[in-house]
Amino acid sequence: MHARTGAESSSEIPGILHLDMDAFFASVEVRDDPGLQGLPVVVGGAGTRGVVAAASYPARTRGIRSAMPMATARRLAPDLVIVPPRIARYREASARVMEILGSVVAEVEQISIDEAFLDVRGARRLFGEPQQIAALLRRTIREELDLPSSVGGSVSRAVAKIASARAKPDGQLIVPAAGTADFLAPLPVSVVSGIGPKAVASLERIGVRTIGQIREIPPSALARALGPRAPEIARLAAGSDRTGLGRRVRDKSVGTERTWDEDLTDADQVRRRITVMADDVARQLRRGELVARTVVLKLRSPDGTTITRSATLDQPTASGERLREHVVALWERESHRLHRIRLAGVRATHLEPEASTPYQHELTARSGQWRDLEAAMDRAVDRFGTTSLSRGSTLQRAPEEAPRVGSPASPDQDRP
Ligand SMILES: [Mg+2]
């Protein structure tokens with residue numbers, strides 16, 4: 001019945017799907033309490049330090065976004081309904097969603113609690129073309145869980161992810177191989193995962209705002225603006241990216257290192273510097289959807305003496321809190337050896353894709369909160385800039401001082 005079109009080679013079938021639950025945490029809450037239907041609902045902490053973890057679509061139409069300080073959300077919607085997170089409930093729904101995906105498609109790569117990539121090319125004989133498989137998956141999730149989801153499809157995982165965001169809410173969008181470049185051309189460069197505010201700014205400096213404009217830029221200029229990722233982005237813009245499932249871990253480590261003009265002589269000062277570095281490394285891991293098994297601290301004194309110490313973590317992690325604990329412990333053990341520090345570095349090694357380590361072990365009562373909070377903070381940093389939100393004390397800002405929310409970078413972008 002679903003005959004293959006013989007002329008089409010397998011790499012030209014838009015069979016890489018990205019399925020993303022719509023406003024996941026908020027949708028679960030509304031489903032469980034139908035009285036919330038149609039109301040601006042957010043999931044998150046109600047306190048002064050609260051951050052929006054997820055916003056329902058009625059909340060989004062009022063300008064509320066995930067990662068926004070709760071005080072800001074309250075100002076935008078005085079009738080805001082704030083629901084405290086129920087991580088166990090979301091995990092339960094997530095597990096069922098992944099089961100449904102696995103029952104139809106063999107190749108599933110879960111990338112977060114509410115998202116997965118699928119390669120459905122092998123499922124065509126049984127279930128039809130990608131368009132039909134996407135519809136089947138969304139219908140089954142709706143019937144069994146009463147939750148909305150969206151699907152994007154393409155020959156490329158990066159494009160599939162962009163397409164699912166455009167399909168939201170409760171929609172699907174399969175981009176045929178030949179139409180990929182045209183689909184991408186009018187979109188702002190910021191929709192590409194991995195093009196953050198810095199890359200957006202450097203592209204803007206060379207006159208590039210849309211993905212289509214990337215194709216008009218000489219490779220050398222693109223390389224200057226984007227660094228090592230330039231060829232990959234150029235392929236994407238040209239519609240010739242064919243990266244499918246099975247994310248490869250390209251770098252064996254991520255890290256940061258700094259040399260100071262004036263030596264650090266105070267142990268507390270060193271501790272503060274390496275703490276910031278550990279946070280930075282954790283952020284790099286989360287951006288790359290990676291977790292690390294080992295953290296390495298490197299210290300050099302002005303005479304060139306270098307000490308490198310590592311700690312193996314009981315669980316692979318992308319948590320800044322965890323990395324900080326370990327680098328500070330390493331420093332406490334070594335601080336008596338080095339009285340002046342010229343260079344310090346923090347590096348995470350033995351990396352794995354985040355999805356290969358079940359999310360669950362980080363979602364314990366204690367650490368579940370860091371994962372959400374840190375993820376929310378990453379998004380806030382991306383969206384509002386580094387100064388608008390930082391850990392702990394500055395989260396307790398008075399409402400008047402809360403960051404002003406301009407036009408959201410990409411309103412289509414869905415978060416749990
Ligand atoms: Mg989602």
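Just after helix H13, Glu289 takes a positive phi of about 55° in this predicted model. Helix H13 itself covers residues 267–287, and its 21 residues reach 30 Å from the first C-alpha to the last, close to the 30 Å expected at 1.5 Å a residue. An α-helix has 3.6 residues a turn, so residues three or four places apart point the same way.

Strand E1 and strand E5 both pair with E6, and the table sets out the two pairings.

| Strand paired with E6 | Sense | Bridges | Residues standing opposite |
|---|---|---|---|
| E1 (16–21) | antiparallel | five | Leu19 and Ala116 |
| E5 (107–112) | antiparallel | five | Glu109 and Phe117 |

E5 and E6 also form a hairpin, with two residues between the strands.

**The segment before E1**

Pro14 lies in the segment before strand E1, and with a relative accessible area of 12% this proline is buried, because buried here means under 20%. Leaving aside its neighbours within four places in sequence, Pro14 is in contact with Pro130, Gly153, Ser154, Val155, Ile174, Val175 and Pro176. The C-alpha atom of Pro14 is also separated by 9.9 Å from that of Val159, although the two residues are 145 residues apart along the chain.

Another part of the structure is an open sheet of three strands in the order E3-E2-E4, in which the pairing is mixed. Its edge strands are E3 (52–55) and E4 (81–83), each of which pairs on one side only. Neighbouring strands of this sheet are turned by 30° against each other on average, direction ignored. Strand E2, residues 41–44, is joined to E4 by three bridges, and these two strands run parallel; Val41 has Val81 in E4 as its bridge partner. Helix H1, residues 24–32, packs on the sheet and touches E2, E3 and E4, while its direction makes about 115° with that of E2.

**Helix H1 against helix H4**

Two packed helices are described by the angle between their axes and the distance between the axes. For H1 and helix H4 (residues 87–104), the angle is about 100° and the axes are 10 Å apart, which makes H1 roughly perpendicular to H4. On the H1 side, the residues that meet H4 are Phe24, Phe25, Val28, Glu29, Arg31 and Asp32, and on the H4 side their counterparts are Arg89, Tyr90, Ala93 and Ser94. The residues of this contact divide into five nonpolar, one polar and four charged. Helix H1 therefore packs on the sheet, where it touches E2, E3 and E4, and also packs with H4 at an angle that counts as roughly perpendicular.

Terms used. Residues are numbered from 1 along each chain as its sequence is written. This is a predicted model: local features need pLDDT of at least 70, side-chain atom pairs count only at pLDDT 80 or more; totals for chains, interfaces and linings use all residues. Side-chain values use heavy atoms; hydrogens and water are left out. Two strands pair if DSSP finds at least two bridges between them. Helices (H or I, at least four residues) and strands (E, at least two) are DSSP runs, numbered from the N terminus. Axes are lines fitted to C-alpha atoms, for helices over the stretch in contact, and angles run from 0 to 180 degrees between N-to-C directions. Contact means heavy atoms within 4.5 Å. Buried means under 20% relative accessible area, exposed over 50%, partly exposed in between (1.4 Å probe, protein chains only). Angles under 35 degrees count as roughly parallel, over 145 as roughly antiparallel, 65 to 115 as roughly perpendicular and the rest as oblique. Ala, Val, Leu, Ile, Met, Phe, Trp, Tyr, Cys and Pro count as nonpolar, Asp, Glu, Lys and Arg as charged, and the others, Gly among them, as polar. The expected span of a helix is 1.5 Å times one less than its number of residues.
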